[in-house]
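This report is for a reader who is new to the structure. Please look at the sequence and the model before reading on.

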Amino acid sequence: MLSDRRQKVLQALIEEYIANAQPVGSRTLVDRYRLGVSSATVRNELSVLEDEGYLTSPHTSAGRVPTDAGYRAFVDDLLSREYGEDATGGMFDDVRDAATKMDDLMEQTSAALSRLTDCLSVVVAPSLLASSVKQISLVSMSSRRMLMVVVTDDGQVFNRSVEFAEDVSADELADVQNALNAALSGHSISEVRKAEGVRIEALSSPLARIVIDELVVCMAKADEGRAHSLGMSALLSKPEFSNSSAALPVLQVLEDDTVLMHLFDDVGSADKASDSLEVRIGKENSASELSGVSVVAAQYGSGEAQGVVAVIGPTRMDYSKVISVVRSAKSALKDL
């Protein structure tokens, strides 16, 4: 546990390093920050912080830079004070009001996150498997082909072309459509897949089972594109990634949607508070390629209909601002 004075010196050094991306010396801290102590005391505190692993000295400079442990102490202090709670003045409420579709909302929220933080933003939409069926339409295209159109309770529309091995009449499709709407309306795709609470006896015909299977496949396919990310160029423009050898591993990992989704597997897990915000710094990330970045993420929504809003930036990110922006986005999306 750092003393108040040591925490204050560490905070000043990190804020200076975040602003200028240059190693920080004691004279800079004394000249620019009101620490209320002498230069000799600041030098001594910096030496102690380095010995304890919070700071390190690059070989090319007499100044110091934060380590992951230093950032962790800084961030934990921010979080303990609930620093910057929802300070963006309703920016994301405006985004939400302007969006007409879920995909628009995710894209616009991601764009606003990237614009406000100058980092890579990621918004993961709630799983479509948690969406409830509002209406299913089965349109006969030929005797062995139909178009299935699914409308969910939140207004999203999906379609899938289905081929049959045998002839199916338009009347048969109409009968199955009516039975499906009567039995599945108001049930989530997850419930349909597991047949939980669904009057499945009314859908026992081979044709109905084929359509149900295709419905689940359709929604599962659409569910794969839940991550909306923007700002990769902003992330890679940071000084930390000016060298291609540093940038390439990060680029390869973050452009893989599967890896990107796994970054957020434990955000909002059961052992954490429901309103928690998670910050992973450098080597705290499970992928070694991401040891030079930090992830600030929060879960929004409830039950199965949960998504994630996140910002990914260098470990030298402006944590107070990013934490504030992520909290604001989470608050705007919480009722989805």
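This is a predicted model: local features need pLDDT of at least 70, side-chain atom pairs count only at pLDDT 80 or more; totals for chains, interfaces and linings use all residues.

Residues are numbered from 1 along each chain as its sequence is written, and side-chain values use heavy atoms, with hydrogens and water left out.

The largest nonpolar core holds 50 residues, and Leu29 and Tyr319 have the most contacts inside it. Such a core is a set of buried Ala, Val, Leu, Ile, Met, Phe, Trp, Tyr and Cys residues joined through side-chain atoms within 4.5 Å. Buried means under 20% relative accessible area, with a 1.4 Å probe and protein chains only. Helix H13 (residues 319-333) supplies the largest share of this core, eight residues. Helices (H or I, at least four residues) and strands (E, at least two) are DSSP runs, numbered from the N terminus. A second, separate core has 27 residues, including Leu129 and Met219.

In strand S10 (residues 305-314), eight of the 10 residues are buried.

| Strand | Bridges to S10 | A facing pair |
|---|---|---|
| S3 (residues 120-124) | five bridges | valine 123 and valine 309 |
| S9 (residues 293-302) | 10 bridges | glutamine 299 and valine 308 |

Cysteine 119 is buried because its relative accessibility is 3%. Cysteine 218 is also buried, at 5%. The count of disulfides (cysteine sulfur atoms paired within 2.5 Å) is zero.

Notes:
Two strands pair if DSSP finds at least two bridges between them.
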